[in-house]
Amino acid sequence: LAPIIEQSRNQRIILEDSLKHVRKQAVTAKNAENGKDYAKQIDEIIKKLNELEVLTSPQYIGDDATPESVALLLSDNDGRFALLSAEGDVFDFMAGRYSNGTPNLGVYLKGHAGDDIRVNRANPEFTPRYIHKPALSIGVTVQPDVLRGLTLKRGFRGRGLLGRFLYSLPKSGLGQRKINPRPVVPKIATAYQNKILDALRLEPNVNTDGKPCPHTVTVGGDALKQLDTFAMLVEKQLGPGGDFASMGDWAGKLVGAVCRIAGIFHGLIYAVSGNPAKTQIDAETMLGAIAIGEYLIPHAKAAFFEMGTDPAIDIARKILGWVFSKQIQEFTKRDVFNSLRGRIQKVVELDNPLEILTNHGYIRDISREHKWPGRKPSQKYKINPLWLAQNTQNAQNYRADLNSAHSAQFAQGVEI
């Protein structure tokens with residue numbers, strides 16, 4: 001496509017330069033008759049510019065693009081684009097890295113929902129863009145630390161951005177990885193590759209004007225019953241006291257996400273036929289999509305817990321990791337400060353984390369048991385032996401569930 005694209009670009013440059021030249025001549029026209037001739041030439045050049053199709057090099061995948069760039073890439077690629085990255089820079093761009101901290105979420109929200117996008121610029125030379133029913137895909141593989149604090153970023157939770165992602169937080173395999181794992185079975189790898197190639201070769205549907213448009217896929221009756229059953233189960237948990245009460249922004253979109261997954265499965269299955277619309281989504285395909293949805297639920301809960309983590313809980317986790325790695329039974333506040341030196345600057349920063357651990361039964365303050373006269377010693381804590389005995393995971397991989405108390409009795413000072 002490179003020669004064709006270059007030819008198109010040159011034609012546009014020539015027409016734009018011609019338009020500037022004729023406009024200058026029209027301004028300095030010696031008489032009204034000449035002015036009319038120039039006006040006619042201007043109209044003809046503008047008509048040619050409007051009819052000239054702007055060709056660009058197709059780019060459907062990127063990983064380092066500002067919101068403004070994403071909008072232009074969507075426009076240049078028929079409303080389709082994917083941000084795929086092994087890092088979390090996209091969240092920094094969303095939060096306003098280059099806009100003085102002002103979030104710019106519109107293109108991401110509309111790109112997920114398929115709402116039309118209109119792109120305008122203050123630059124008078126910029127041609128406004130209109131993107132009809134965009135489809136923006138985002139896939140990032142990041143460390144859990146990237147998730148922490150996302151709910152605190154302005155607009156991320158309130159405008160529904162975080163509710164649009166599907167989360168998967170697999171358990172870390174560090175310390176237990178196979179050094180020489182078996183390769184993927186060739187038969188499976190070949191089948192997967194063929195499915196992807198079939199999807200790439202699938203021709204788009206064509207509308208009455210002869211222009212590309214999506215295939216319209218419908219859902220079979222049995223599949224719809226399965227979807228309705230799943231939707232009712234989800235709906236029941238969205239109310240007050242339900243499992244999804246604190247993450248309604250995500251769970252409220254779960255059924256829609258399952259529908260999208262079912263559509264993807266159906267498209268891959270029937271891509272080889274060249275027309276997925278000939279067959280309805282069946283119950284088996286829908287149940288497969290529902291199974292993915294059920295898998296996503298506990299992962300979303302874990303992700304939102306991570307995203308809502310405040311610094312005090314993060315430090316509390318680090319304290320537990322240090323306690324377990326050292327297998328200590330007691331420690332002082334000074335001991336903890338020394339172990340976290342470099343991560344915290346002042347001893348007072350330990351007050352909230354230690355209070356959290358005390359309230360949830362991981363530790364108990366035993367310095368108050370000091371009876372004899374004299375200066376009060378530094379705060380001293382005893383570890384809950386029940387937690388220490390039961391926790392056999394590696395401290396580096398341990399993720400403490402600070403929402404549940406291991407022992408209310410221990411927190412009250414009763415020996416176990």
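Here, a residue is called buried under 20% relative accessible area, exposed over 50%, and partly exposed in between, using a 1.4 Å probe and protein chains only. Everything below comes from a predicted model, where local features need pLDDT of at least 70, side-chain atom pairs count only at pLDDT 80 or more, and totals for chains, interfaces and linings use all residues. Residues are numbered from 1 along each chain as its sequence is written, and side-chain values use heavy atoms, with hydrogens and water left out.

View 1. Leu1 sits in the segment before helix H1 (2-27). With a relative accessible area of 64%, Leu1 is exposed. Helices (H or I, at least four residues) and strands (E, at least two) are DSSP runs, numbered from the N terminus.

**View 2. Helices H1 and H2 pack against each other.** H2 takes in residues 32-51, and the two axes lie 9 Å apart at an angle of about 160°. That makes H1 roughly antiparallel to H2. Axes are lines fitted to C-alpha atoms, for helices over the stretch in contact, with angles from 0 to 180 degrees between N-to-C directions. Angles under 35 degrees count as roughly parallel, over 145 as roughly antiparallel, 65 to 115 as roughly perpendicular, and the rest as oblique. The crossing of H1 and H2 is left-handed. Left-handed means the near helix is turned anticlockwise from the far one by less than a right angle; clockwise makes it right-handed.

**View 3. Helices H8 and H11 cross at roughly 20°.** H8 (residues 221-236) and H11 (residues 283-307) have axes that come within 8 Å. The two helices are therefore roughly parallel to each other, and their crossing is right-handed.

View 4. Most residues other than glycine have a negative phi.

**View 5. Arg157 and Asp249 meet in a salt bridge.** A salt bridge is a side-chain nitrogen of Lys or Arg within 4 Å of a carboxyl oxygen of Asp or Glu. In this pair the N to O distance is 2.6 Å. Arg157 is in the loop between helix H6 (144-147) and helix H7 (186-201), and Asp249 is in helix H9 (residues 248-251), so the pair ties together parts 92 residues apart in sequence. Arg157 is partly exposed at 28% relative accessibility, whereas Asp249 is buried at 18%. The whole structure holds 11 salt bridges.

**View 6. Lys380 and Glu330 form a salt bridge.** Their closest N and O atoms are 3.3 Å apart. This pair links distant parts of the chain, 50 residues apart: Lys380 in strand S10 (residues 380-383) and Glu330 in strand S8 (residues 330-332).
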